[in-house]
Amino acid sequence: MKLKQQVKQFLFEDDRPFHNCHASTIVELPGGDLLVAYFAGSKEGNPDVGIWCSRRTNGVWSKPYVAADEEGLVHWNPVLFRKNDGQIVLHYKVAHPIPAWHTRVVVSDDNGATWSRPVDLVPGDIGGRGPVKNKLIVLQDGTWLAPASIEGDVWDCFADISRDEGATWTRSALVPVNRGMDAEGGGAGQPRPIRGKGLIQPTLWESKPGHVHMLMRSTAGFIYRSDSTDAGQTWSPAYRTYLPNNNSGIDLAKMDDGSLVLAYNPVGMYRGPRMPLLLSVSRDNGENWEELLVLEAEYRSYTIPVEPGEYSYPAVIASGNRIYVTYTWKRERIVCWSLEVENEAELGS
């Protein structure tokens, strides 16, 4: 895969109406416009943090504006989704601390300009149902699958399943995890014990009807994976990939040709630096990966970054031969990359 075009933009400059921002999410609108949401306020976890949006029209980003701000509640991790009928759905978490948060949902019928009143995604939810950070996907049979996780004394991943376009949701089984110290020996693809709390914030794709896969953030220094052959209802035991992970967010998207594009921090240490930020591609359903683009920070190796800063929590979508990636830039701004890849005809010419 080769990149034909690369455009990097900040959604806003230093005159932003908040001090801190994080955890972006993105959808494409008709005509190639973009909508991005993120949480922002004085500092992550403070009660003045709400959900904000920016919209790109004809290549120009709007000023940030509020999409959801329930008074007295801490807001976290927005997730955007565009339905086939054009309605935009925005999920986000509220409450503090994180183990007690729950999921709220608002919708927009004017491409994110205005939003409905918030409602609970699942009445009585405590712990967070629905998408926790990354976008939900629609399976080939029309089922909605939301990548979900629980952040209590231990961390666990699951999928939330809706067969009625988000009206009701059913939890899948938890991804089985072999907990304990990650002993020496063994390699990628093995269900080795996981150090620390475990796994959260999965990202999903479907390789063929009913065969669904997830990559997960971990506390064990590597990205972990699990697979399902029953449309996300049950999952294989989590196993380690060779991709490093610093216990920070990841995301991927599946392109029309089946290629996967993954954004992540290639740093294999618990709570390691959230830099550099890399975009990689896989042509064999996530078994092997090759570098496509360094999104942020020059580096000498994957474990020795040389430029300070935090570049983290990517969100990735793909449309035709276009890839869009947003992420946190030093907790001060949100970046959006617009990428275009060469198609097969161009590569063969």
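Which residues lie nearest the centre of the second largest pocket? In this predicted model, the second largest pocket is lined by 22 residues, and those nearest its centre are Ile98, Glu151, Trp155, Ile200 and Arg217. The space in this pocket amounts to about 400 Å³, and the elements that give two or more residues to its lining are strand 7 and strand 15. When the lining of the second largest pocket is divided by class, nine residues are nonpolar, six are polar and seven are charged.

Confidence in the model may be considered before the details. The mean pLDDT of the chain is 93, and 92% of its residues reach 70 or more. Over residues 182-186, however, pLDDT stays under 50, and for this stretch the model has ten contacts beyond four places in sequence. Where pLDDT is low, the predicted coordinates should not be read in detail.

Arg217, one of the residues nearest the centre of the second largest pocket, belongs to strand 16, which covers residues 211-218. Arg217 is counted as buried because its relative accessibility is 7%, under the limit of 20% used for that term. Leaving aside residues up to four places away in sequence, Arg217 touches a set of residues that includes Trp155, Ile200, Asn245, Arg274 and Tyr313. With Tyr313 there is also a polar contact, in which the two side chains are joined at 3.0 Å. Trp337 stands 120 residues from Arg217 along the chain, and the C-alpha atoms of these two residues are separated by 22 Å.

The largest pocket has a volume of about 840 Å³. Its lining is made up of 29 residues, of which Phe81, Leu136, Ile137, Val138 and Ala318 lie nearest the centre. At least two lining residues come from each of strand 2, strand 7, strand 11 (137-138), strand 15 (199-208), strand 19 (251-254) and strand 25. By class, the lining of the largest pocket holds 16 nonpolar, five polar and eight charged residues.

Rolling a probe the size of a water molecule over the atoms shows where empty space is left. Across the whole structure, the search finds two cavities of 30 Å³ or more. The largest cavity contains about 50 Å³ of space, and its lining consists of Thr25, Ile26, Val79, Lys133, Asn134, Lys135, Asp251, Ala315, Val316 and Ile317. Two or more of these residues come from strand 2 (20-28) and from strand 25 (311-319), and strand 25 gives the most, with three residues. Five residues of this lining are nonpolar, two are polar and three are charged.

The second largest cavity holds about 30 Å³ of space and is lined by Ala23, Ser24, Asn77, Pro78, Lys133, Tyr313 and Pro314. Strand 2, strand 7 (75-82) and strand 25 each supply at least two residues of this lining, which by class has four nonpolar, two polar and one charged residues. Tyr313, listed in the lining of the second largest cavity, is also the residue whose side chain makes the polar contact with Arg217.

Three further residues illustrate burial elsewhere in the chain. Arg104 is found in strand 9, which spans residues 102-108, and is buried, with a relative accessible area of 14%. A polar atom of the Arg104 side chain lies 3.5 Å from the backbone oxygen of Pro118, and the contacts of Arg104 beyond four places in sequence include Glu70, His91, Tyr92, Pro118 and Asp120.

Ser280 has its place in strand 21, residues 277-282, and counts as buried because its relative accessibility is 2%. Although Ser280 and Val261 are 19 residues apart in sequence, their C-alpha atoms are 5.6 Å apart in space. Val261 is among the residues that Ser280 touches beyond four places in sequence, together with others such as Leu260, Tyr264, Trp289 and Glu290.

Asp33, by contrast with these strand residues, is found in the loop between strand 2 and strand 3 (34-41).

Note on methods: Residues numbered from 1 in each chain as written. Predicted model: local features only at pLDDT ≥ 70, side-chain atom pairs only at ≥ 80, totals over all residues. Heavy atoms only, no water. 1 Å grid on protein atoms, 1.4 Å probe; cavity = no way out; pocket = protein on both sides within 12 Å on 5 of 7 lines; lining within 4 Å. Points joined across faces, edges and corners; volume = space filled by probe spheres on them. Helix = DSSP H or I, 4+ residues; strand = E, 2+ residues; numbered from the N terminus. Nonpolar A, V, L, I, M, F, W, Y, C, P; charged D, E, K, R; others polar. Buried < 20%, exposed > 50% of the residue type's maximum accessible area, 1.4 Å probe, protein only. Polar contact = N/O pair within 3.5 Å; in protein donor to acceptor, adjacent residues only side chain to side chain. Contact = heavy atoms within 4.5 Å. pLDDT = per-residue confidence, 0-100.
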